[in-house]
Amino acid sequence: MRPVNLKTRIFLDGGDPSETKEIIGRLGFLDGQTTNPTLISKNPAARRRIEQGKKFSKEEVLDFYRDVVLEISSLLPRGSISVEVYADASTKAEEMLQEGREMFSWIPNAQIKFPTISEGLKAAEQALSHGLRVNMTLCFTQEQAAAVYAATKGAKKGAVFVSPFIGRLDDKGENGMDLIYNIIGMYREGDGHVEVLTASVRSIDHLLYALKLGSDIVTAPFGILREWGDRGLPVPGDEYSYDTGSLKAIPIKDIALTKDWSAYDISHGLTDKGLERFSSDWNSLIA
Ligand code: G3P
């Protein structure tokens, strides 16, 4: 059952509905799920098909994604389900918006993921005006989170998530959890319309520290949620301290949230790399 002192919403990060089912059984609750092109490419039914040499057509792969999302949504009818548009470095905002609108029609509880790049932010602005909910993904800096805030100003609470990817910063020797601390601190000066979704969680300590920091949402892979369940769903208090090991601190910056989104420097190498990986994993499914 959901611990009474748990304020953060817990999402599963994955593309396999059988994991969703098992986690709901193990934890006794689950608040939502995030998917992405890489996770869908790892779905066991998709893998079997590819191993048999039967790649998908462009239409078939979207139908497959829709079927997976429909099944997850039926398991989590009151949860939020993030569905990601296709984007590579040349994808235009209009294309992302069109695909996002289609994906939003699949289920009643979709949150559409757009990358935190200029075209993604343009698409998100438009998407919100069409009544979609968005999750801005591949966020690696406080400036990107400020741009998400500015681009989505006026949106209703619950309509905008930002997903800082902490594990990929750790991979580079930087303390990804600092980014969560910094964004939460920066957003305290704002109106609260963007919710922080801690993503790219790789360890139970990422999860526990995100709970302690008061992240609005944490998404974690199956193995980490299972471990959290096996440990009895601990919610850390003041006694908990996160061991940063040899990771380099990411200092907090004093960034005003009042600028136009295009005034922030939103470039980051890991965002570009992330786009490449998502698009190539997706394309690997297509004949
Ligand atoms: O939630 C984002 C996540 O799927 C990315 O995780 O482990 O590939 O960095 P990872």
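Predicted model: local features only at pLDDT ≥ 70, side-chain atom pairs only at ≥ 80, totals over all residues.
Residues are numbered from 1 along each chain as its sequence is written, and side-chain values use heavy atoms, with hydrogens and water left out.

Helices (DSSP runs of H or I, at least four residues) and strands (runs of E, at least two) are numbered from the N terminus. Helix α7, residues 142-151, is mostly covered, with 10 of its 10 residues buried; buried denotes under 20% relative accessible area, exposed over 50%, and partly exposed the range in between, for a 1.4 Å probe and protein chains only. Among the buried residues of α7 are Q142, E143, Q144, V148 and Y149. The cover over these buried residues, judged by contact (heavy atoms within 4.5 Å), includes the helices α6 (118-129), α9 (176-187) and α12 (269-283). It also includes the strands β5 (134-139), β6 (160-164) and β7 (194-198).

Side chains of opposite charge can pair when their charged atoms come close. With a salt bridge taken as a side-chain nitrogen of Lys or Arg within 4 Å of a carboxyl oxygen of Asp or Glu, the count comes to 13 salt bridges. One of them joins R26 and D230, at 3.4 Å from N to O. R26 lies in helix α1 (residues 17-27) and D230 in helix α11 (residues 222-230), so this pair ties together parts that are 204 residues apart in sequence. R26 is partly exposed, at 39% relative accessibility, while D230 is exposed, at 57%. E22 is linked with R26 and D230 in a network of salt bridges.

A salt bridge is also formed by R49 and E60, whose closest N and O atoms are 3.0 Å apart. This pair links helix α3 (residues 44-51), which holds R49, to helix α4 (residues 58-75), which holds E60, across 11 residues. Both partners are partly exposed: R49 has a relative accessible area of 25%, and E60 one of 35%.

In a further salt bridge, D171 meets R202, with the closest N and O atoms 3.0 Å apart. Here D171 belongs to helix α8 (residues 166-171) and R202 to the loop between β7 and α10 (204-213), 31 residues apart. D171 is exposed, with a relative accessible area of 55%, and R202 is partly exposed, with 41%.

Rolling a probe the size of a water molecule over the atoms shows where empty space is left. A cavity is a set of points, on a 1 Å grid over the protein atoms alone, where a 1.4 Å probe fits but cannot get out; lining residues have an atom within 4 Å of a point. Grid points are joined across faces, edges and corners, and a volume is the space filled by probe spheres set on the points. The whole structure contains two cavities of 30 Å³ or more.

Key
1 Å grid on protein atoms, 1.4 Å probe; cavity = no way out; pocket = protein on both sides within 12 Å on 5 of 7 lines; lining within 4 Å.
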